[in-house]
Each structure stands twice: as structure tokens, then as C-alpha cells.
Amino acid sequence: MSSLRNSGLNIKALQVEYKSGQKALGQVDLTLPEHGIYTVIGSSGSGKSTLLRAVAGLLPDYEGELLFNGKSVHDQETLIGLVPQNYGLLPWKTVRENIRVAMKITRPAGGSREALEAEITHWLQSMGIAELAGRYPLSLSGGQQQRVAIARAFAIQPTILLLDEPFSALDAITRETLQQIFLDNWLAHPATALFVTHDVEEAILLGQKIVVMPSAKQDTPEILDNASVFAMKHEEKRNSDEFFEQSKRIRKVMLAKW
Ligand SMILES: Nc1ncnc2c1ncn2[C@@H]1O[C@H](COP(=O)(O)OP(=O)(O)O)[C@@H](O)[C@H]1O
Ligand SMILES: [Mg+2]
């Protein structure tokens, strides 16, 4: 049994320095409840990717503690999915194969072949890309590749889902469509998620709380509650007074922290 204080993702006094000795991430203390989703916003160089890399276990060295339900996130049992900015797809494998490979690695025991293929089709359909199953990633648009990367992340059913500016390379309309599809998928399968963005609107649309990273490494992040916007229907968020108030609030914090 884990106490409330220890449930979810606990980031305690996390600090990162790369080999150069230069600080990449000042101190971060953050508790993200299990099945919660927070957005992380900050200027370029504020350490957003470093934060995700530390949680993903891709950094050999960091100071502090990273716990999930009271145990190290890097224990075998915590499956972590990372959606990097450049999609991270295998170019020599088809869309279907990309998802199959990831599922087989994370679920080696597996069921029948038919069940696996049906599940892959389900995840492709959930992202609206069933018809792309046989295509190779490099023959797809950026928006299509990003859908594949997200379908793959959901397909492995991770405990923790990390997304590093997944929509930043997309045009505004494609981005808005994917935000909606992503959120629908997340609501159906709520992994404990950190979603990094440098877009204020996106931060407000997708996070229950918004973590504003400081530019200065001696400063700490500011965490804003966003529950009232998050609870609204997605299509009504942008035009709401709450959304407008929240953007003003974030811009103010960002100006102070930049
Ligand atoms: N592999 C690395 N080696 C050395 N310094 C790095 C490395 N990756 C990032 N940094 C530095 O760490 C800081 C934070 O970078 P990063 O986490 O990529 O920020 P963000 O994702 O917010 O733009 C920056 O000053 C960057 O130059
Ligand atoms: Mg980054």
C-alpha cells in the first residue's frame, strides 16, 4: 500500500548537470498523481527535454529521486513510453511493423498473432491512420508520422507517458486536430503523463496543471492549476473566459521566469 504522498510520479529535488559541468536543470520538485496529465512549458534551454530524459532513464547521472508509487521509476515494472520530437520511427519498417516491434519488446509473452494484429489495427484506428498500415515512415507527412509515433506510445500501454513537443513541427490546423485526437486517446487510456510544449495554448488545452520552467537554473518551476479549463469540453476551451484568464496568468509567470 502506498500513502497518498507517495502515489503517482514523484520527482524529488531533481538536478542535472551534463559532463561539461554546466547545469541543464535546476531543482525540480513535482508530484504528478497516477493517471494525471501535466503540461510543461518553458523557453528553449530551460531543461524540458532534460527533465523527460531523466524520467525516461536516458541519463546516467542526476541528483535527486524519481519515484513511481514510492519505488524508483527505473525499476523493471514501470514501463515508460517516450514520444520524441523527431517521431523516432524505424524508417526501414512499415507503420504496422513499427508498432508491432514496440509491442513485442514490451510484451514479450504476448497472445495469439491474430490478437496482436487486431490490437495494432485498433491503435491505428484510434489515431485515424488505419489506411497507412503498410506505408513506410519516410513516405508520410510530419503529421502522419506523429500520429504513428503516438499510436505506438499508446500501444505499449506505458505506466508513464512522456511527450517532448510532439506537435511543434506541425502546422496549426494539423496540430489542433492531433491535440483533440491525443486527448481523446489519453482520456480512454490515462497513462501518467508529462507533455512538454513551448506553446501556451497547448499547455492550457492539455494539462490538469501547467509546470512553467524557469530560465535561470537557480530558480524553481511555478506550477499552475488548470483544472477548470481541463474539465471543459475540448472544443469549448479555446473560446472560454477561463482559457483567456489562464493565458494571461501564464504569460505573466513566464515573463517573470524568462
Ligand atoms: N547532451 C548534452 N550535453 C551538454 N549539454 C546539454 C546536452 N543536452 C542539453 N544540454 C544543455 O542543457 C540545457 C537544457 O537543455 P534541454 O533540456 O534540451 O532544454 P529544452 O528542452 O527546454 O530546450 C541547455 O543549456 C542545453 O544546452
Ligand atoms: Mg527540448
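The entries below go through the strands, the ligand, the cavity and the pocket in turn.

I note at the outset that this is a predicted model, in which local features need pLDDT of at least 70 and side-chain atom pairs count only at pLDDT 80 or more, whereas totals for chains, interfaces and linings use all residues. Residues are numbered from 1 along each chain as its sequence is written, chains are lettered from A and ligands numbered from 1 in the order in which they are written, and side-chain values use heavy atoms, with hydrogens and water left out.

**Strands.** Strand β3 (residues 37–41) runs parallel to β9 and is joined to it by 4 bridges, with I41 opposite V212. Strand β10 (residues 222–225) pairs with β9 in the antiparallel sense, also over 4 bridges, and here V211 stands opposite I223.

**Ligand 1.** I listed the residues around ligand 1 (a heavy atom within 4 Å), and they include Y18, Q22, K48 and R53. Helix α1 (residues 48–56) gives the most to this shell, with 4 residues. For polar contacts (N or O atoms within 3.5 Å), I found oxygen atoms of ligand 1 at 2.7 Å from a polar backbone atom of G45, at 3.3 Å from one of S46 and at 2.9 Å from one of K48. The protein covers 64% of the 560 Å² of accessible area that ligand 1 has on its own, by the Shrake-Rupley method with a 1.4 Å probe.

**Cavity.** I searched the whole structure for cavities (sets of points on a 1 Å grid over the protein atoms alone where a 1.4 Å probe fits but cannot get out) and found 1 of 30 Å³ or more. The largest cavity has a volume of about 60 Å³, and its lining (residues with an atom within 4 Å of a point) includes S46, M213 and D219.

**Pocket.** I then turned to the largest pocket (an open set with protein on both sides within 12 Å along at least five of seven lines), which has a volume of about 360 Å³. Of its 18 lining residues, L82, A102, T106, R152 and I156 lie nearest its centre, and α2 (95–106) gives the most to the lining, with 5 residues.

Conventions. Pairing = 2+ DSSP bridges. Helix = DSSP H or I, 4+ residues; strand = E, 2+ residues; numbered from the N terminus. Polar contact = N/O pair within 3.5 Å; in protein donor to acceptor, adjacent residues only side chain to side chain. Points joined across faces, edges and corners; volume = space filled by probe spheres on them.
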